[in-house]
Amino acid sequence: MSQYNCPPVCGKCSRAHRGPCQQNQPGALALGTGYAPFFADEWVTIYCGNAREIVPTLAYEVIVSDPPYGIAYKSGSSRNESQLARSIEGDETTELRDWLCALGKPTLCFGTWKVAPPAGTRETLVWDKKGALGMGALDIPWKRSWEEIYVLGKGFSGRREGAVLQYAPVQSMSRNGRVHPHEKPVALMEYLVDRCPRGVILDPFMGSGATLRAAKNRQRRAIGIEINERYCKIAADRMRQDVLRLSA
Ligand SMILES: C[S@@+](CC[C@H](N)C(=O)[O-])C[C@H]1O[C@@H](n2cnc3c(N)ncnc32)[C@H](O)[C@@H]1O
């Protein structure tokens with residue numbers, strides 16, 4: 001006879017628990033964290049606050065995130081000034097990115113070639129923006145139309161293919177619907193989510209919530225954290241929108 005009476009791992013939520021699975025209960029992910037969620041539904045939970053304080057209280061299995069890169073981002077566009085923020089909180093150093101990548105979970109982390117990749121990077125994916133957007137040096141005939149995505153840890157799966165991912169970016173102007181200066185396309189995030197190991201996905205630097213929207217679209221449970229309340233509201237509104245899916 002076993003010395004321990006461990007509950008079996010649940011097929012729905014990949015966790016060991018007794019009694020019925022709480023997976024579809026609104027706010028289930030928030031239980032026991034000590035922080036009140038800003039928003040919760042059956043798939044996603046959003047916290048408004050400092051990721052470094054909240055993450056240690058959470059249970060999650062995978063990280064998909066677009067943290068401050070460490071480039072001291074400042075928008076040069078005067079046209080965007082009234083709508084989009086001109087800078088990103090915490091972007092002065094790679095401290096937040098490096099903290100995130102040291103959490104020890106399978107991780108997909110956006111970044112830039114301007115700073116060295118985080119320790120533990122196993123592969124670098126290239127998000128090719130299909131020639132759209134990108135500035136770089138204006139005295140050479142190439143613009144920087146790509147970004148890096150670092151792969152850390154194990155458990156990713158899917159058809160083996162090239163590491164250059166072609167996805168059109170979100171429109172660059174707020175008047176065209178962009179809500180965050182570093183907003184990522186949901187289609188790209190869905191591609192990444194589909195290749196993640198099982199379990200709850202965490203995005204501790206959620207911004208406008210592209211990772212969470214993708215996770216919800218793919219019926220994956222996810223937790224997002226964002227320090228800026230304005231972006232939390234935007235993300236929560238995105239989660240409330242129903243998605244009409246056209247089957248192929
Ligand atoms: C690069 S942006 C993410 C954009 C996101 N991928 C999107 O599609 O909208 C990084 C975000 O991290 C947030 N942030 C910075 N420091 C933070 C912290 N300590 N805790 C939580 N969020 C933080 C910033 O406010 C910013 O919105």
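Predicted model: local features only at pLDDT ≥ 70, side-chain atom pairs only at ≥ 80, totals over all residues.
Residues are numbered from 1 along each chain as its sequence is written, and side-chain values use heavy atoms, without hydrogens or water. Local features need pLDDT of at least 70 and side-chain atom pairs count only at pLDDT 80 or more, while totals for chains, interfaces and linings use all residues.

Nine strands form an open sheet with mixed pairing, in the order 1-2-9-8-3-4-6-5-7. Its edges are strand 1 (39–40) and strand 7 (164–166), each of which pairs on one side only. Strands here are DSSP runs of E with at least two residues, and helices are runs of H or I with at least four, numbered from the N terminus; two strands pair if DSSP finds at least two bridges between them.

Ala40 has Thr45 as its bridge partner in strand 2.

Buried means under 20% relative accessible area, exposed means over 50%, and partly exposed is in between, using a 1.4 Å probe and protein chains only. Ala222, Gly224 and Glu226 point one way from the strand, while Ile223 and Ile225 point the other way. Strand 8 (residues 201–203) pairs with strand 9 in the parallel sense over 3 bridges, and Ile201 has Ala222 as its bridge partner. Together with helix 4 (residues 210–217), strands 8 and 9 make a right-handed β-α-β unit: with the strands pointing away from the viewer, the path from the first strand over the helix to the second runs clockwise.

Several polar contacts (N or O pairs within 3.5 Å) can be picked out. A polar side-chain atom of Asp66 lies 2.7 Å from a ligand nitrogen, and one of Ser208 lies 2.6 Å from a ligand oxygen. Lys184 uses a polar backbone atom, 2.9 Å from an oxygen atom of the ligand. Taken alone the ligand exposes 610 Å², of which the protein buries 98%, by the Shrake-Rupley method with a 1.4 Å probe.

Definitions and conventions:
Polar contact = N/O pair within 3.5 Å; in protein donor to acceptor, adjacent residues only side chain to side chain.
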